[in-house]
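The stops below are meant to be selected one at a time, in the order given.

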Amino acid sequence: MRALLCKEFGPVPGLQVAEVPDPVAGDGQVLVRVEAAGLNYPDGLMVQGKYQVRPPLPFVPGMELAGVVEAVGKGVDAFAPGDPVMATTGTGAFAERCAIPVEQVLPRPASLPADVAAAALLTHGTTLHALEDRARLRPGETLLVLGAAGGVGTAAVGIGKILGARVIAAASSPERLELCRRLGADLTVDYAAEDLRERVKALTQGRGVDVVYDPVGGALSEAALRSTGWGGRFLVVGFASGEIPRIPLNLALLNARSILGVYWGDWSRREPRKSADAISRIAAWICEKRLSPVVTARLGLAEVPAALEDLLSRRAHGKLVVLPGQP
Ligand SMILES: NC(=O)c1ccc[n+]([C@@H]2O[C@H](COP(=O)([O-])OP(=O)(O)OC[C@H]3O[C@@H](n4cnc5c(N)ncnc54)[C@H](OP(=O)(O)O)[C@@H]3O)[C@@H](O)[C@H]2O)c1
């Protein structure tokens, strides 16, 4: 089968499409024909050896997929060939087939297209966990989303609205903010042109926001933390800016703020049932058209390296999806 192969950690263009042996469904595994796989910022970090997980080389990157079951291994009775499924895989999704431990595989509703499912698992799973389990976001609260036109950012705008929050989307251009408004954002901040703290202060009549969702890091983080009001919760989601900020802890004391880490991958391994329930709710919201993952490009395997570079260089928005069956 064809797969994108990472033979050594290094620059993203070093990735190549290669012919590799077809995987087989081992004991407790499901063999899936991959119809679509989502690209994520961490894929770009992982192939460079800069992610918290460094898989043994060579490996096929790709953390999430949707497709159809081709075969099941010994001991698997939850799925059968032909079933539509979706899965988070950690690695292996940028290939025509992937063998996955059954506990990571979820049924995919027939009305949920593979490309939309593959775009939604990681970003929306992370976001629902962050907003509900970590920040305990309540209806009527104000949520500030940084990097709001990106993968996890667009998910936070959509899920924030479903959970009943007033959403302030913050991003680096008017075009990106227009996308956020289409997803339901109530208010916007262009932090390339406006001072984030001043603008949030004006938009909240000086009260500040209740929750910040921060996948960007860098200088924006402290400004956003200072923009939270009494009892504010600050979600540490990621550092797409490339800079891990150092925050003076007096900012947590002031206004009785909480700084909350989010590590969805580890949480979903520790809490597989809760994670599966969360993904089922997300799938239902998409099928009911309450939530619309933004797929901005559908690519062939050979186009993935350039697309990962776009993700790492701030040129992409929404979600990029690869269709491995496509030439
Ligand atoms: N904690 C978890 O469990 C978890 C799960 C998934 C992802 N993450 C992390 O979340 C972060 C975002 O992931 P994503 O897939 O949403 O990425 P993405 O689609 O590339 O979005 C990141 C956004 O960050 C902003 N940004 C600011 N400076 C940037 C720079 N120098 N390079 C690239 N983007 C920059 C961009 O928006 P503007 O141009 O509008 O600023 C961009 O849209 C990553 O650090 C990822 O590792 C964490």
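Predicted model: local features only at pLDDT ≥ 70, side-chain atom pairs only at ≥ 80, totals over all residues.

**Stop 1: a strand residue**

Select R33, which lies in strand β3, residues 29-38. R33 and R97 are 64 residues apart in sequence, yet their C-alpha atoms are 4.6 Å apart in space. Show what surrounds R33: beyond residues up to four places away in sequence, R33 touches A66, G67, V68, E70, E96 and R97. With a relative accessibility of 35%, R33 counts as partly exposed, because it falls between the limits of 20% and 50%.

**Stop 2: a cis peptide bond**

Move on to L57 and P58. The peptide bond joining L57 and P58 is cis, with omega at about -10°. P58 is in the loop between α1 (41-47) and β4 (64-72).

**Stop 3: a buried loop residue**

Select T89, in the loop between β5 (84-88) and β6 (97-101). Is T89 buried or exposed? At 13% relative accessibility T89 counts as buried, because the value is under 20%. Turn to its side chain, which reaches the backbone oxygen of G62 at 3.0 Å. Apart from neighbours within four places in sequence, T89 is in contact with G62, M63, E64 and L65, and also with C98, I100 and Q104.

**Stop 4: two packed helices**

Now colour α2 (residues 114-134) and α3 (residues 151-162) separately. Two packed helices are described by the angle between their axes and the distance between the axes. Here the angle is about 55° and the axes of α2 and α3 are 8 Å apart. The two helices, α2 and α3, are therefore oblique to each other. The crossing in which α2 passes α3 is right-handed.

Show side chains along the contact. From α2 come T123, H124, T127, L128 and L131, and these meet G151, V152, A155, A156, I159 and G160 in α3. By type, the residues of the contact of α2 with α3 are six nonpolar, five polar and no charged.

**Stop 5: a buried helix residue**

Go to L179, a residue of helix α4, which covers residues 174-182. The relative accessibility of L179 is 7%, so this residue counts as buried. Which residues is L179 in contact with, leaving aside its neighbours within four places in sequence? They are A149, T154, V294 and H317.

**Stop 6**

- Select Q205, in the loop between α5 (196-203) and β11 (209-214). Q205 is not a glycine, although its phi is positive, at about 50°. Its relative accessible area is 56%, so Q205 is exposed.
- Select N255, in the loop between α7 (250-253) and β13 (258-261). N255 has a positive phi of about 65° and is not a glycine. At 29% relative accessibility, N255 counts as partly exposed.

How values were computed:
Residues numbered from 1 in each chain as written. Heavy atoms only, no water. Axes fitted to C-alpha atoms, helices over the stretch in contact; angles between N-to-C directions. Helix = DSSP H or I, 4+ residues; strand = E, 2+ residues; numbered from the N terminus. Parallel < 35°, antiparallel > 145°, perpendicular 65-115°, else oblique. Left-handed = near helix turned anticlockwise from the far one by under 90°. Contact = heavy atoms within 4.5 Å. Nonpolar A, V, L, I, M, F, W, Y, C, P; charged D, E, K, R; others polar. Buried < 20%, exposed > 50% of the residue type's maximum accessible area, 1.4 Å probe, protein only. Polar contact = N/O pair within 3.5 Å; in protein donor to acceptor, adjacent residues only side chain to side chain.
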